[in-house]
Amino acid sequence: MLVLFETPAGYAIFKLLDESKLSQIDDLYQEFNTPEGASSVVKLKNFIKFEDTTEALAATTAAIEGKLSKTLKKGLKKHLLKDVQDQLLVGDAKLGSAIKEKFDLQCVSNSNVQELLRCIRSQMDSLLTGLPKKEMTAMALGLAHSLSRYKLKFSPDKIDTMIVQAQCLLDDLDKELNNYVMRCREWYGWHFPELGKIITDNTSFVKIVKLMGTRDHAATTDMSDILPEDLEEKVKEAAEISMGTEISDDDIINIQNLCDEIVSITDYRAHLTDYLKARMMAMAPNLTVLIGEHIGARLIAHAGSLMNLAKHPASTLQIFGAEKALFRALKTKKDTPKYGLIYHAQLIGQCSTKNKGKMSRMLAAKAALATRVDAFGDDVTFELGAKHKVNLENKLRLLEEGNLRRISGTGKAKAKFEKYHSKSEVFSYPTAADSTLKAVKREHEPEEEAAPAKKMKLENDVKVKKVKSEPSDEVDGQENGDSELTEKKKKKKKKSMEPELAQAGEQSPVSEKKKKKSMEPELAQSEEAPASEKKKKKKRQSQPQEE
């Protein structure tokens, strides 16, 4: 049983002297505590040495990818096939399968083999005779540097480094341009302050200053290539009545040199923008179509690479750039931010304020899908991004129109139906809106079930009024005959009221109200009757006394 061992200097083939040691893997490390113990377990049979660092790098990269390198292929043909072995112990399963396909050898790769290789590595200096330790260390260092450069050069993750650098440079150029233009406006404003108010575009302002020089040359300068006719006339009129101070030729030369710098930086920025757009369309076409090249490049720069961005979920992509606000909201237990860098995307900019959060969530979900397709897909086109963008635009239209129905099933059929039926745009004026009077609430008629309760209440009211209408003249010491007459009258009234009350219970609630109103004056008359009779009796008694 042979063991294939990889070193920075070449491939070593060891022979396992005792195959039973492979099954007793727990105590194997004790055999390799000393060089003598290691030599009793394995013995070096052949060593395939690399000629230079290039060959070592090629063999290492092939081993990483699980392929069979030319050096290893030649060495196995030369040394291994002479002695036909039953098994070959290999550390990498992919490399073992490649050797098996090529040479029809049974390769073994498991945890026991890994432990054996680890023990051999611990005593590598004593087992590999003829290779000094210093030389082995130098070869390992050289191979490590070469492998790092190779990975850095050919790694797909590092292609987007150009995108990150271009976007960062664009941001720096924007800051510098703003500073330069502000300085130019302030500097030239001492001489011609009215020009800054007339021309708001920075590029046009700088070109006019470069072309015109001092305001004295405004009348003879042709500005038609830069400005429209109306603005050109305003500039020339303002130059004649300007309130600015006079400046020397040296001053205007320095201002024009600053204008040259601004124009050159602006041209370079436009060129860099085209370069960034081309690189983004080649690197991440779906993400570029969906959210734009600038926002996509900023997201890639924030994540570090396209691969790192593809590993993030949509919720993280949504708030990229708003980390401070997120942690501040979590600390103060307030609402978390709804968007970060993605806020500047075109689809979110078209939304109203109330729908921005909803649209940012939907856009982040589709952007996460597009990023994964761009990062891990083969032969990627921008069809997926364009399809998602059309769907998001349709959803945006529905959100802005206030129609939140689902676009599936009957909703789709309804949308198709409404597509061929035009809605009338003629609106009639509501004349009821002209009235300034307050609406009076109508009193609802009581139900018939409440009639018995009304009847009981009415009888109680009548009894109370009877008690109040009892003769008070008995207390005043009036005659018994008068009190008897009043009592008889009250009894007659009571008898006459009983049939009326019986009828009132059978009548409708409306008739009850009328009866109640008609009974009130009768009760009042019954109270007034005893008082009038008392007055008549007093008059009769007073007449005979006078006579």
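Author: Happy to! Let's start with a pair: Glu232 and Lys236 form a salt bridge, and their closest N and O atoms are 3.3 Å apart. Keep in mind that this is a predicted model. Why can such a pair form at all? Side chains of opposite charge can pair when their charged atoms come close. Glu232 counts as buried, because its relative accessibility is 10% and the cut-off for buried is under 20%. Lys236, at 24% relative accessibility, counts as partly exposed.

Stay with helix H12 for a moment, which covers residues 229–240 and includes Glu233. Glu233 belongs to a patch of negative charge on the surface, together with Glu229, Asp230, Glu237 and Glu240. Members of such a patch are residues with over 30% relative accessible area and no salt bridge. Glu232 does have a salt bridge, the one with Lys236.

In one of them, Arg118 meets Glu115, with 2.5 Å between the closest N and O atoms. Arg118 and Glu115 are about one helical turn from each other, because they are 3 residues apart in helix H6 (residues 111–122). Arg118 is partly exposed, with a relative accessible area of 48%, and Glu115 is partly exposed as well, at 23%.

The other pair joins Glu135 to Lys49 through their side chains, at 3.7 Å from N to O. This pair links distant parts of the chain: Glu135 lies in helix H8 (residues 133–154) and Lys49 in strand S3 (residues 42–49), 86 residues apart. Glu135 has a relative accessible area of 33%, so it is partly exposed. Lys49 is partly exposed too, at 42% relative accessibility.

Positive charges also gather. A surface patch of positive charge is made up of Lys338, Lys354, Lys358 and Arg361. To find Lys338, look in the loop between helix H18 (323–332) and helix H19 (346–349). Lys338 is exposed, since its relative accessible area is 51% and exposed means over 50%.

How many disulfides does the structure hold? The number is 0. Cys184 shows how the cut-off works: the nearest cysteine sulfur belongs to Cys259 and is 3.7 Å away, so Cys184 is in no disulfide, because a disulfide needs two cysteine sulfur atoms within 2.5 Å. Cys184 is buried, with a relative accessible area of 1%, and Cys119 is buried at 5%.

One last stop is Tyr188, in helix H9 (residues 161–189). Tyr188 counts as buried, with 0% relative accessibility. Along the chain, Tyr188 and Ile255 are 67 residues apart, yet their C-alpha atoms are separated by 7.2 Å.

Conventions:
Residues numbered from 1 in each chain as written. Predicted model: local features only at pLDDT ≥ 70, side-chain atom pairs only at ≥ 80, totals over all residues. Heavy atoms only, no water. Patch = residues over 30% accessible without salt bridge, like charges linked within 9 Å, V, L, I, M, F, W, Y side chains within 5 Å. Areas by Shrake-Rupley, 256 points an atom, 1.4 Å probe, with all protein chains shown as cover. Salt bridge = Lys/Arg side-chain N within 4 Å of Asp/Glu carboxyl O. Lys, Arg positive; Asp, Glu negative; His and termini not counted. Charge placed at Lys NZ, Arg CZ, Asp CG, Glu CD. Helix = DSSP H or I, 4+ residues; strand = E, 2+ residues; numbered from the N terminus. Buried < 20%, exposed > 50% of the residue type's maximum accessible area, 1.4 Å probe, protein only.
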